[in-house]
Amino acid sequence: MADPFEVRMRFTSQLQHLNASANSSQKAAHYALKYRDMDEDLHSCILEQLERNSMNNRANIMYFIEHLCDMAQRENHLDFVRMMQRDILRVVDAVAPSDGSGAANVKVVRRVLAGLQQKSVLLPDTVLEIEAGLAERDDLTKDTHSALSPISPNSQHPPPDVVTAHPAKRLDKRQIEQRIEEDRERHKRLRESIWAVGEDGDGEFERLWEEASEIGEDDWGVAEEDAVERRVAGEVELG
């Protein structure tokens, strides 16, 4: 039997080193399910790291939670799911605090909540209730948006290494660059998933076929006219 302290320390380390790649989240989720007999202890690790780490790391843990719940459902170990349902408000408050210090994470929270609802981890009413609270934090997002965007030389904002995300919080240049790079990686993976094609390769064709309107007599007439014009143009060029 594995040593509980060692399992906890290794899992904590994995949470602290999560990044935008799906592999890092999947690896940590696999580890948690490998030691599912310690699920309550590992769940407490997630909550602790959410409340102790940087806002960038909290965003990564939020995405990890979706991976964990999805994997736990597939492996029919629903204790992780139930504990996350119980503590979802605490999770949201840690990732996007109401004081505005994590306003840049509001979009992250919304995306993950939508994913959890789609996977039937959260009820629609629960998501709507949380969304109502997030809406009040949208105004604060405008104040911190510049912390994750390039700052022009003529800007009245502080230089990048001391950008103010909140009166009590500051993001250094390294954290800003890291967040921009991680968001870019996530957007890249999102685009890839949107354009993903099934193994048979016919899914996109069938969707377009169903959405296209039926061909009528007018369509045949236009096609014949186009064919005649192309033939005449070709004869002119050859002549």
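Two rings of Phe, Tyr or Trp form a pair if their centres lie within 6.5 Å. The model discussed here is predicted, and by this rule the count comes to three aromatic pairs.

**The aromatic cluster**

Ring pairs join F11, Y31, Y35 and F64 into a cluster.

| Pair | Centre to centre | Angle between planes | Class |
|---|---|---|---|
| F11 and Y31 | 6.4 Å | 10 degrees | stacked |
| Y31 and Y35 | 5.0 Å | 55 degrees | tilted |

Why is the pair of F11 and Y31 stacked? The planes of these two rings are at 10 degrees, so the pair is stacked; the cut-off for that class is under 30 degrees. For Y31 and Y35 the planes are 55 degrees apart, and this pair is tilted.

The pair of F11 and Y31 also joins two helices. F11 lies in helix α1, which covers residues 4-16, and Y31 lies in helix α2, which covers residues 22-34, so the pair ties together parts that are 20 residues apart in sequence.

Are F11 and Y31 buried or exposed? Both F11 and Y31 are buried. Buried means under 20% relative accessible area. Y31 has 12% relative accessibility and therefore counts as buried. Y35, at 16% relative accessibility, counts as buried because of the same cut-off.

**Helix α5 and its contact with α7**

Helix α5 spans residues 79-95 and contains R90. The axis of α5 comes within 12 Å of the axis of helix α7 (residues 124-135), and the two cross at roughly 25 degrees. Because of that angle, α5 is roughly parallel to α7. The crossing of the two helices is right-handed.

Which residues of α5 and α7 meet? On the α5 side they are I88, L89 and V92, and on the α7 side T126, I130 and L134. Sorted by class, this contact has five nonpolar residues, one polar residue and no charged residues.

Leaving aside residues up to four places away in sequence, R90 touches L47 and E51. R90 and L47 are 43 residues apart in sequence, while their C-alpha atoms are 8.0 Å apart in space.

Conventions: Residues numbered from 1 in each chain as written. Predicted model: local features only at pLDDT ≥ 70, side-chain atom pairs only at ≥ 80, totals over all residues. Heavy atoms only, no water. Helix = DSSP H or I, 4+ residues; strand = E, 2+ residues; numbered from the N terminus. Contact = heavy atoms within 4.5 Å. Axes fitted to C-alpha atoms, helices over the stretch in contact; angles between N-to-C directions. Parallel < 35°, antiparallel > 145°, perpendicular 65-115°, else oblique. Left-handed = near helix turned anticlockwise from the far one by under 90°. Nonpolar A, V, L, I, M, F, W, Y, C, P; charged D, E, K, R; others polar. Phe/Tyr/Trp six-rings, centres within 6.5 Å; stacked < 30°, edge-to-face > 60°. Buried < 20%, exposed > 50% of the residue type's maximum accessible area, 1.4 Å probe, protein only.
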